[in-house]
Structure formats: structure tokens, C-alpha cells
Amino acid sequence: MKVSVIGLGYIGLPTAAVLASRKVEVVGVDVNQNAVDMINRGEIHIVEPELSILVRAAVQTGYLRATMQVEKADAFMVAVPTPFKGEHEPDLSYIKSAAEAIVPVLEKGNMVILESTSPVGATEKMMSWMKELRPDLSFPVFGDNGGEADISVAHCPERVLPGHVVCELIENDRIIGGVTTACAQLARELYKIFVKADCLITDCRTAELSKLVENSFRDVNIAFANELSLICDKLKIDVWEMIKLANRHPRVNILQPGPGVGGHCIAVDPWFIVDSTPNEAKLIRTARLVNDSKPNFVLEKIRKAIEVTGKEKAELTIACLGLAFKPDIDDLRESPALKIAQQVGLMGINKLVLVEPNIDEIPHGFDVPTTELMDLESALLEADVVVLLVEHMLFKEMDLGILSGKQVVDTRGIWG
Ligand code: SAJ
């Protein structure tokens, strides 16, 4: 069997490498020449524990190679981004491009699996794009479980946690949503090659919504924690202590407040539900708004900290610790930390120093002239105000003595 994985990002590359480690011939396809070259050298272009060893071994043993051109395969797994556009409407253009790239090599008996998190109906939409370009092939019809088709189509949403991707790809239960039951059964055969946990069969629409609901569940719960942090601030109560105590109740498990919600998943996916059912998804929308407004609250805290220093803004150095959207990864997508740091840089201060141990240069588009990326120690020596934005291990383990005499805004409650 030969599998083609379209999109070699945070999901596609680990999936390709895990499959290749099970001795399946895998060809990864990406539009990024640099990523393709690196992978073919056995290197990786993202930070993810265990992935580097896995990719190197997969390339060295000859089971994995990368290319920019889609080639013939038995199965195609699409793992491309699904961002939103305009007023939080899903942007399926990457899925459309992937479908268009696959169709010229598509043959009777092939299977196409959409892994990208998608709004309800996207799998059938992808199928309709392929059908339009290949009228010579027959495609399944949703719910027609008795029917036969040349091509098999399914949605198998990824649900791995960045930072634990390799392990979770193998250990997590997997939802396999077929356009028909036969499609789901065929897709399950493929996933069973590397998934140790259960592969649960359903239809593609239910699979699409389950994935969106998983992330909305987390978003709503984080919004609850973030709202509590505003309430506690008003009432002058330590939110982290209060949550710790409330969580001692056997049926209460509140998440942690922070500077907002980032990443390409939780900050995006709930909008796909809101977009398809705007009148019903009231709580889901409100959670998004609560989480999206948290950076403004943090910026207000920073303004207050600046005032307390008693210094002129033009003399101040502010250190922002952490830019990634969560701890110990290099992913800056939708990162509230990055947004906050950018706003701090525009406050008219003398200098902004950034500490982000997982990147080597100031991110492209970070348009603040007086900014420097530094190691932790140098940054803390210079800073008048220290803003902790991401609970990286480095910041959890540091000696807190160095903070004395400085104004500190700890958005993650790690320095209690
Ligand atoms: N966050 C908090 N407080 C918390 C937990 C998280 O503020 O208590 C913030 C994080 O700092 C981060 C954001 O939420 O900015 C999201 O982080 P996360 O660790 O909750 O989730 P992701 O986005 O890394 O991964 C999620 C996972 N979904 C769920 O846990 C339901 C993962 O399993 C999915 O595969 C992934 O989205 C995805 O790709 O959809």
C-alpha cells in the first residue's frame, strides 16, 4: 500500500512518519520547498518532541519521502489548514487546492481521507470538487450505504495535542466518519495500522461536528476560568488559589485562566459551529468573545504596572516572557502572547525585550522597531516590568530572586 499525505505540518508530518514507521510507503506532499528539502534530509521544520527521531528513521529506511508534486497512491490523507476568513467564516481554499491536486492522479479503488478540522459538510464539499473534475469516476453518496463507488471518502479528524502529538496519534481513540459505512470501514483499516486505541465508525457529518465540539468544549471551559479571573480581580481574590480549592470538590474541574486562547484549533474551530448555526450557538460564541477579550485585560494590567514604576514610559524596558500559544512549543499561531507583546511594543516605551526559548529570531511581521529577542537572564537584568505570558519550563524553574524590585504581571499564575 502507498499512502500520500497532503500537507506536512503539525499533523501531516507526524502522521506520515508514524505510518512510515509501520513500514507503509508514504509520500508526503507540501507546497513549502524548504519543508520538503528538510524532510528529505531527515530533518524537521517544526518543534515537536519525538518527531525528529521518527522522521529521521522513516527517511533513512526509505519508507518516507517528501515532494511538491502529488503522485499516484492508494490512499490520500489531506491534512491542510482550515483557517477562517472575513467574519469568522471557514476558509476551505486549502482543502479545495488539495482536492484539485489529487484529482489528476486519482484512480478507481483509491481512498481520500480529510483529516483537517472542518465545518459540517466540508467532506462532501471536497468530494463534490473532485467529482466535478473527474466525471469518469463514481463517488459515494452520503447515507447510501448499499451503493458502490470507485472512490472511497471519509473524514477522520485529528485530535492530538501539540507537544504530545506522536504519543497521542497512537494512543487516542479515533473517529472515522465515512460518507458511507463502507467508506468508514475501509478508512478504519488504514488507521488500524498505527492506532492502538479504538477506531470508532460514524458518518462524516457526525465526525466533523464531534471534532468541532471537542475543541468548543475546551474553549467554553477556558472561558469560564478566564471569566473567573476577571471576577476575582474585581473582588481582590487570588483566582489560582480559589480554583485550586474549588477543584477539591469531587465533581468540579475548572481549567486555568491565562492571557487568552491561542493556536490554530481552539481559537478557530468553535467559530465553524457559530457560522453554521448562529442562532443556536450562543454559549459557544460568548466563550469565544470572553477568551478573545482577555488580552485587553492583560494590557490594562501592564499599563497599571507601568504607572507603579513611577518612571517615564520613554525610559522603560519591558520584558515579555513567552510568545508561543502554549508552553514548550514553537507554534505562534493565533498566540495571545504574541498579540500582547506587539501591543506592549507600541506603548511608547524605550525598549521591548522578548524571551522565547523555542524560536531563534523575532517573528516575521512583528513590527516594533525597539525590540530585541534575548536570553532570560539578560532580559531580566534590563527589565523594569516583567510580563509572564507563557508557562514555559524555563520560566517555571527560574530563580525568582531576580524579579525583586520589578513590577511583575504573571498571566499564568506560576510565580504565585
Ligand atoms: N489554555 C488555557 N487554560 C487552560 C488550558 C489551555 O488558557 O487551562 C490555553 C492555552 O494556553 C492555549 C489554548 O488554550 O493558548 C489551547 O491550548 P490547549 O492545550 O487546550 O489545546 P491545543 O489547541 O494545543 O490542542 C487542542 C486539543 N483539543 C482538546 O483538548 C479538546 C487537541 O486535542 C486537538 O487535537 C487540537 O486542539 C486540534 O488540533 O484541534
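Contact here means heavy atoms within 4.5 Å. I note at the start that this is a predicted model.

**Entry 1: helix α2**

I began with helix α2, residues 33-40, and asked which of its residues are buried. I found A35, V36, M38 and I39. They span an arc of only 165° around the axis, so they lie on the same side of α2. Next I looked up what these buried residues pack against. Their partners are α1 (12-21), α3 (51-60) and β3 (64-67).

**Entry 2: α8 and α10**

I moved on to helix α8 (residues 204-235) and helix α10 (residues 269-276). Their axes come within 8 Å. They cross at roughly 115°. Angles of 65 to 115 degrees count as roughly perpendicular, so α8 is roughly perpendicular to α10. I also checked the hand of the α8 and α10 crossing, and it is left-handed.

Which residues meet there? From α8 I listed L209, K211, L212, V213, N215, S216 and D219. From α10 I listed D269, P270, F272 and I273. I then sorted the residues of this contact by type. Six are nonpolar, two are polar and three are charged.

**Entry 3: H88**

I turned to backbone angles. H88 has a positive phi, about 60°, and it is not a glycine. Where is H88 found? It sits in the loop between β5 (84-85) and β6 (89-90). The relative value for H88 is 23%, so H88 counts as partly exposed. The cut-off for buried is under 20%.

**Entry 4: E334**

E334 also went on my list. Its phi is near 55°, a positive value in a residue other than glycine. I placed E334 in the loop between β11 (317-321) and α12 (336-345). Its relative accessible area is 34%, so I wrote down E334 as partly exposed.

**Entry 5: F142**

My last stop was F142. This residue is in the loop between α5 (122-133) and β8 (152-155). Its relative accessible area is 27%, which means that F142 is partly exposed.

I then checked a distance. F142 and V153 are 11 residues apart along the chain. Their C-alpha atoms are separated by 9.9 Å.

What does F142 touch, leaving out residues up to four places away in sequence? I noted E124, V179, D203, C204 and R205.

Conventions:
Residues are numbered from 1 along each chain as its sequence is written. This is a predicted model: local features need pLDDT of at least 70, side-chain atom pairs count only at pLDDT 80 or more; totals for chains, interfaces and linings use all residues. Side-chain values use heavy atoms; hydrogens and water are left out. Axes are lines fitted to C-alpha atoms, for helices over the stretch in contact, and angles run from 0 to 180 degrees between N-to-C directions. Helices (H or I, at least four residues) and strands (E, at least two) are DSSP runs, numbered from the N terminus. Angles under 35 degrees count as roughly parallel, over 145 as roughly antiparallel, 65 to 115 as roughly perpendicular and the rest as oblique. A crossing is left-handed if the near helix is turned anticlockwise from the far one by less than a right angle, and right-handed if clockwise. Ala, Val, Leu, Ile, Met, Phe, Trp, Tyr, Cys and Pro count as nonpolar, Asp, Glu, Lys and Arg as charged, and the others, Gly among them, as polar. Buried means under 20% relative accessible area, exposed over 50%, partly exposed in between (1.4 Å probe, protein chains only). The arc is that of the directions from the helix axis to the C-beta atoms.
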